[in-house]
Amino acid sequence: RASRRYPDRLIPFCNVDPRHSMNDNHWDPEPIIKDYLDQGCRGFGEVLANLKVNDPRMKNIFRACGKLKIPALLHIQSCTLGLYDEVGLPYLEEVLKEFPETAIIVHGPGFWAEISDKVTLADKNDYPTGKIEKPGKLDYLLGKYPNLYGDFSAGSGHLGLSRDPVYGKIFLKRHARQLLCGTDYLEPGQETPIVEFIRNIGLDQKTFRLVTEDNARRLLKL
């Protein structure tokens with residue numbers, strides 16, 4: 001109702017809990033998701049279920065999103081908040097490889113900690129700081145899988161890019177077609193430091209347009 005009232009300001013996504021009692025290898029969530037799309041939804045997520053990224057129940061979701069040509073948005077952190085992955089994001093790589101037709105947008109500490117090659121399992125539930133000596137797994141995954149996108153709108157994305165602004169700028173330019181700024185969540189009076197960071201880091205106009213607007217428009221078919 002809200003998105004119909006403010007179509008120029010709100011872009012609705014939908015969600016189906018992948019832990020639904022019928023979600024086994026034979027259950028197809030596509031009809032339910034399609035019903036949401038018929039009502040105006042543009043994407044799926046954010047997924048916060050307490051599952052591994054490569055859980056068979058999640059794979060049913062990825063498969064359906066690929067068929068329906070909508071992006072799936074994931075929060076990777078831990079099995080108590082979001083989806084879970086090991087250091088190096090092997091589960092994420094598995095699904096990127098298995099579902100190349102599915103655009104997968106990811107954010108959260110478990111994702112952005114991997115901007116550096118120095119990352120521990122504890123870092124994936126935290127917000128690590130410090131200069132980035134060598135590129136991490138994100139650089140490899142974004143370079144290899146064109147269906148992967150990184151959302152830098154929340155604290156994890158902001159801190160991941162700003163912990164080493166020199167590398168952050170390099171990273172943004174290198175992967176300019178696969179990075180974007182959503183909203184994650186917003187509340188009255190909330191500070192959004194990522195906005196000023198992106199404005200002031202010195203990006204060329206093309207890169208700035210891609211990461212702040214054009215990538216999202218292309219993914220959501222706006």
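## Exercises on a predicted model

In this predicted model, E1 and strand E2 (residues 43–47) pair in the parallel sense over two bridges.

**Exercise 1.** Which strands stand at the edges of the open sheet?

*Solution.* Start with the strand order, which is E1-E2-E3-E4-E5-E6, with parallel pairing. Strand E1 (13–14) and strand E6 (179–180) each have a single partner strand, so one side of each is left without a neighbour in the sheet. These two strands therefore stand at the edges.

**Exercise 2.** Is Glu-93 buried or exposed?

*Solution.* First locate the residue: Glu-93 belongs to helix H4 (residues 90–98). Next take its relative accessible area, which is 12%. Buried means under 20%, so Glu-93 is buried. Leaving aside residues up to four places away in sequence, Glu-93 touches Lys-137, Tyr-140, Leu-141, Lys-144 and Tyr-145.

**Exercise 3.** Describe the aromatic pair of Phe-62 and Phe-99.

*Solution.* A pair of aromatic rings is described by the distance of the centres and the angle of the planes. The whole structure holds five aromatic pairs. For Phe-62 and Phe-99, the values are 6.1 Å centre to centre and 45° between the planes, and the pair is tilted. Phe-62 is in helix H3 (residues 56–68) and Phe-99 in the loop between H4 and strand E4 (104–107), 37 residues apart. Phe-62 has 0% relative accessibility and counts as buried; Phe-99, with a relative accessible area of 3%, is buried too.

Note on methods. Residues numbered from 1 in each chain as written. Predicted model: local features only at pLDDT ≥ 70, side-chain atom pairs only at ≥ 80, totals over all residues. Heavy atoms only, no water. Pairing = 2+ DSSP bridges. Helix = DSSP H or I, 4+ residues; strand = E, 2+ residues; numbered from the N terminus. Buried < 20%, exposed > 50% of the residue type's maximum accessible area, 1.4 Å probe, protein only. Contact = heavy atoms within 4.5 Å. Phe/Tyr/Trp six-rings, centres within 6.5 Å; stacked < 30°, edge-to-face > 60°.
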